[in-house]
Amino acid sequence: MTTFRPCVQKQRADGFYPVYIRVTHERKVGYIKTDKMVAKKDVTKKKEIRDNFVMMYCMEQIHSFTTRLNEKNTSTWSVKEIIDFLLTEDTDISFSQYAQRHIAKMINAGQERNAKNYKLAVSNLELYLGTNNVMFSQLTSAVVNRWIAQLAHTHRAKEMYPVCVRQIFRAAILEYNDYDTGHLRIKTNPWPKVKIPQADRTTKRAISPEACREFFGAPLPETKMIESLPELGRDVAKMILCLAGINTVDLYNLKKTDYKNGVIAYNRAKTRNSRRDDAYIEMRVPPVIKPLFEKYASDKTDPYLFRFHIRYSTSDSFCANVNNGIKKICKSMGMDQKDYYCAYTFRHTWGTVAQNDCGASISEVGFAMNHSHGHTVTRGYLKIDFTPAWELNEKVVDFILFSKKKSKQGMAKDIEEPKDKLFRLSKKMMVYARAYYKGEILAEVSDIGFNTVDAVITALVAKLPDTIPTRAAVQFRITNVDSGKEAIYERTKGKGF
């Protein structure tokens, strides 16, 4: 049983006594401080309060405390739990402030990208309610349903934002509500009466290999910029396509330590924190994009593999500029704005071509694209052989960039094997070389007498038709017939030849 009594303790320096309500529970004593004070003349020698107004206030408080405790089973509570309950039960909690702390924990746990979505969701909710200090008590089912209704025009936010807010809400309930003792600081729970709509089905952004060839063969639009955005867009799009649909954030974050013996090994940023295998993958770099690796290589002292981070402060900024460059090429090709490509176009295209035109199963495509596919527990303790993904990637690259085959819509080495020797030529060696534009062979050379790669390319260029537009890229595939080694180079008309 809990009892209460008004009292005073020590006298302050100004002569007044602060008023407390003494709480006694199971022979243990605690104190609740009030906002009242009494003068020395209103305190007896036994420190009892004479002021009738203060006593009336205290008795009202005691009556309120008793009423609230009568609704609970406090037989197992300590006096501290009693006081905490009485002081905090009716205090509303700020959802906005709790959300900030929750998001900060996500960032500290390495979930920066997910944290951005949570920030957007909370900001949208605050904008809807017209305050940056939303309280938990405001989030009733009616309010939440009205908020979701005004998101109906969005494609993804109508599902993503409510899910993020619900996750924050659930975390707060786990922290603040103790159902064992009946301490419930958050009394509202709107979610049982809230129906979260599904996001619109992802648009299939894949394009045909024929359209890919047109894109990579299109002349770059003129620009006054020192570093051309269209050139960046085209180059990164090719890197995405030739690395099994790698994401721009992963390209941006690659370190020199991730690139070894012609293979990149990395953890996919999007899912590395949610998968038991840390979303790890190894992908062999095809020869066709090795010139791009050299073109965008960072300084020797820079830990990053590429110098993208020097110009673009974040991976999001890098991706936005890549997309702008891709769209500029699409515009120069005379495409409708609604049909413009983006970086994800080439990721989707890789998967579609792998399945439709290269005979890969859905499971094989998912494996090569580093999707989570239900075997993450097993992948967590196996040392995976990624060579099947490398072989599939080479098939896709060859089909799109080095053939004229109509679509239905090399040997991989172990990562520890030594890197191939430099590609060398001599006048005594037989060379077979081809020049490709939009996947079509426009020139061939089969002869001896070449000392350098540039000499071979010069011989091929002489046979190219004049119809190739200025600033268009041409691929040169050179095979040393005697050694069996092959290398691929790319040159831009007007810039490289």
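Helices (H or I, at least four residues) and strands (E, at least two) are DSSP runs, numbered from the N terminus. The exercises below use a predicted model, in which local features need pLDDT of at least 70, side-chain atom pairs count only at pLDDT 80 or more, and totals for chains, interfaces and linings use all residues. Residues are numbered from 1 along each chain as its sequence is written, and side-chain values use heavy atoms, with hydrogens and water left out.

**Exercise 1. Find where E26 and N261 sit, and describe their phi angles.**

Step 1. Start with E26, which is in the loop between β2 (17–25) and β3 (28–38). Its phi is near 50°, a positive value in a residue other than glycine.

Step 2. Now turn to N261, in the loop between β4 (259–260) and β5. Phi of N261 is near 55°, again positive in a non-glycine residue.

Step 3. Check the exposure classes: buried means under 20% relative accessible area, exposed over 50%, and partly exposed in between (1.4 Å probe, protein chains only). E26 has 47% relative accessibility, so it counts as partly exposed. N261, at 23%, is partly exposed as well.

**Exercise 2. Describe the largest nonpolar core and the contacts of W350.**

Step 1. A nonpolar core is a set of buried Ala, Val, Leu, Ile, Met, Phe, Trp, Tyr and Cys residues joined through side-chain atoms within 4.5 Å. The largest one has 66 residues, and F346 and W350 have the most contacts inside it.

Step 2. Leaving out residues up to four places away in sequence, W350 touches L241, A244, G245, V365, A368, M369, L392, N393 and V396; contact means heavy atoms within 4.5 Å.

**Exercise 3. Is K158 buried or exposed, and what does it touch?**

Step 1. K158 belongs to helix α6 (residues 157–176).

Step 2. Its relative accessibility is 11%, so K158 counts as buried.

Step 3. Beyond four places away in sequence, the residues K158 touches include I148, L151, I196, P197 and D200.
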